[in-house]
Amino acid sequence: MVFLKGTTCLLCALTLFSVFSMKVPGGDKAMNGLAGAAVTTFLVEALCGCIGGDLAGIELMKEIGATAGSMGGVAAAALVPIAMGAAPVFGVSAGAVAVGFGILPGFIAGYATYWIYRVIVRFLPGGVDVIVGAIVTAIAARLILVCSAPSVDAVLGVIGDSVMAATDSTPLVMGMVLGGIMKMVCTSPLSSMALTAMLGLTGLPMGIASMACVGGAFSNGIVFRKLGVGNTGQVIAVMIEPLTQADLVTQNSVPLYMCNFFAGGMSGMIAVTLGIVNNAPGTASPVPGLLAPFAFNDPLTVLLAVAGAAASGIICGILGTGMLYKTRFGRLIINKTGRVAEA
């Protein structure tokens, strides 16, 4: 029951995440802003604070990491409207009043203030719109933050706790499920960094997500190479950050997502077996997922997990593309050029 609750909560969160990104006006751009907020706060906290500060003992790096980690709400409230097309002064006005709030309340405030910005610039003359807009945006953002934070944080806390409890109760099974889902999200137009940041995943679940993204990076590279998709630069790019090749990913989604699920799942099980933990939420991406675990685990154990994840990705990429050349999936097959085509 704990496993079912955790998996159901994760799938519900992913469904809402997908609907917002694909159906809500400006949702995809807002999600890009949220992913940027996770990079500028949680990734900096993990690499500077944990590795440079806690491990290397550099006090300045520790201070930088702690400061960045506390600014998730500020970064989201500022970057989301800017990513959607608002003038930077409006985004910074929203972000400046978000100190002390989490990344998702900041995201909500940033998304709402973008539409306030649209109204202000439409009806007010140039110059006046900046002055009035900065004040109105700051007030509106603060009201939204205060009203939304308690309920949003409570809901996300329940989802995150359910996922972590399910991982504790059935670690290997959850390693397969969570790892597979997270790598599919990582390769899709959604953002696994934003999702794990919102859920506040830490410890073993975040370790699973990190290793899944690392292993899936190798499966992506193998699938691109085996199917003849893109040039060498694009193969490297899809391994480092799949969102940079969103058009090619969409065209070849069947082989990529199938290989991703199994590569991510196997990598997640390896993370469970070796006890890989990651206390930096929002680092579910190939490069952050590779680096962040070094701050919380024995380096040799992390290297062993990375090697296992890489091997899993390579094996799943080779076997998956081999199967798809011979097997029908509904009305889709892989043709001789490597592209998904009508059977």
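Over residues 327–338 of this predicted model, pLDDT stays under 50. For that stretch the model has 26 contacts beyond four places in sequence. Where pLDDT is low, the predicted coordinates should not be read in detail. Strand S1, covering residues 332–334, has the lowest mean pLDDT among the elements of the protein, at 46. The highest mean, 92, belongs to helix H4 (residues 72–84). For the protein as a whole, the mean pLDDT is 81, and 90% of the residues reach 70 or more.

The largest pocket has a volume of about 400 Å³. Its lining comprises 17 residues, of which Leu16, Phe17, Leu104, Leu156 and Met198 are the closest to the centre of the pocket. Two or more lining residues are given by each of helix H1 (2–23), helix H6 (103–123), helix H7 (128–169) and H9. The most come from H1, which gives 5 residues to the lining. By class, the lining of the largest pocket has 17 nonpolar residues, with no polar and no charged ones.

Helix H9 (residues 192–199), one of the elements that give two or more residues to this lining, also packs in contact with helix H8 (residues 171–187). The axes of H8 and H9 come within 8 Å and cross at roughly 130°. By class, the contact of H8 with H9 has 4 nonpolar and 2 polar residues, and no charged residues.

Conventions:
Residues numbered from 1 in each chain as written. Predicted model: local features only at pLDDT ≥ 70, side-chain atom pairs only at ≥ 80, totals over all residues. Heavy atoms only, no water. Axes fitted to C-alpha atoms, helices over the stretch in contact; angles between N-to-C directions. Helix = DSSP H or I, 4+ residues; strand = E, 2+ residues; numbered from the N terminus. Contact = heavy atoms within 4.5 Å. Nonpolar A, V, L, I, M, F, W, Y, C, P; charged D, E, K, R; others polar. pLDDT = per-residue confidence, 0-100. 1 Å grid on protein atoms, 1.4 Å probe; cavity = no way out; pocket = protein on both sides within 12 Å on 5 of 7 lines; lining within 4 Å. Points joined across faces, edges and corners; volume = space filled by probe spheres on them.
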